[in-house]
Amino acid sequence: MNGLTFMFWSCCLGSGETRFNKEKILQGQGVDEPLSETGFKQAAAAGIFLKNVKFTHVFSSDLTRTKQTTCGILEKSKFCKDMAVKYDSRLRERKYGVAEGRALSELRAMAKAAGEECLMFTPPGGETLAQVKMRGKDFFEFLCQLILKEADEKGQFSQGAPSNSLETSLAKTFPLGKTCASACNSDSSAPGLAASVLVVSHGAYMRNLFDYLVTDLKCSLPASVSRSELVSVSPNTGISLFIVNFEEGREVQPTVQCVCMNLQEHLNGVTETC
């Protein structure tokens, strides 16, 4: 892939709320709970917020709550209503083993009994944080290779690739700022976007994926994002946007830039249903 220079965007969301989210019961992978009424409202609100964004790829966890969230988003889209969704088990929530279906307070009690912090504790039969992070790394590398292959086949090389509607649709929706100006400036010599990717997953999984992007790939963060936010579980339908840039002559790792993390503006008008 020598000489290939391009950017793509990844828009990541957590699933909408379920009844168990509200009751603080761990779902993980073994409790496949559907969205609550509030969760469907959150998905619809995210869809309205993203309705003008043109996605070229849509990926979702294969659990019910993420499938329903993805459907709710695409239903509101001006451009992607009929887009095929690729369901990927690598995007599933962290597996909590024996703690699944039990209250979060019980997990905390287990961790305390084991002399560990709750965040770092792995219940019997569950995944370690390292294992979840490895799943995130595996999916991200798969995604990069997919976009690289497609861009190479389409001939999207570095010599002033023309701007396309992907940049425009994103710039109208997200607070891109000066850091992304070159990607959205049709007069710039910077390459146009090769892809715009929607990824719908889960809160704890996304926390570990973001840790990989920031810690391993040295993803740059906007001033509005504190490091402490990286250890927090992503909120229901929180929206995060990343630029992935493959520079000419670089064959190892892309550079990654976070535009926003866990954005929740779309939920301002959503009322919680009891």
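**Entry 1: R94**

I looked up what R94 touches and found G28, Q29, E100, L119, F121, T122, E127, T128, L129, V132, R135 and A204, leaving out residues up to four places away in sequence; a contact is heavy atoms within 4.5 Å. The model is a predicted one, where local features need pLDDT of at least 70 and side-chain atom pairs count only at pLDDT 80 or more, while totals for chains, interfaces and linings use all residues. Residues are numbered from 1 along each chain as its sequence is written, and side-chain values use heavy atoms, with hydrogens and water left out.

I placed R94 in the loop between β3 (86–87) and α4 (104–113); helices (H or I, at least four residues) and strands (E, at least two) are DSSP runs, numbered from the N terminus. R94 is buried, at a relative accessible area of 2%; buried means under 20%, exposed over 50%, and partly exposed in between, with a 1.4 Å probe and protein chains only. I also found the R94 side chain reaching the backbone oxygen of F121 at 3.1 Å.

**Entry 2: the annotated site**

I checked UniProt, where an unreviewed entry lists R65, E93, R94, K95 and Y96 under "binding site". Positions follow the numbering used here, feature names are shortened, and annotations may be inferred rather than shown by experiment. From this set, R65, E93, R94 and Y96 are in the lining of the largest pocket.

I found Y96 in the loop between β3 and α4, buried with a relative accessible area of 9%. Beyond four places in sequence, Y96 touches L26, G28, L107, P123, P124, G126 and A204.

**Entry 3: helix α5**

I took α5 as residues 129–154, 26 residues, with 37 Å from first C-alpha to last, close to the 38 Å expected at 1.5 Å a residue; the expected span is 1.5 Å times one less than the number of residues. Its buried residues include L129, V132 and R135, and R94 touches these three.

**Entry 4: cysteines**

I searched the whole structure for disulfides and found zero; the criterion is a pair of cysteine sulfur atoms within 2.5 Å. The C12 sulfur is too far for a bond, because the closest cysteine sulfur, in C11, is 6.9 Å away. C219 is in no disulfide either, with the nearest cysteine sulfur, that of C258, at 5.4 Å. C12 is buried at 3% relative accessible area, and C219 is buried at 4%.

Key: On a 1 Å grid over the protein atoms alone, a cavity is a set of points where a 1.4 Å probe fits but cannot get out, and a pocket is an open set with protein on both sides within 12 Å along at least five of seven lines; lining residues have an atom within 4 Å of a point. A polar contact is a pair of N or O atoms within 3.5 Å; within protein, one must be able to donate a hydrogen and the other to accept it, and residues adjacent in sequence count only if both atoms are side-chain atoms.
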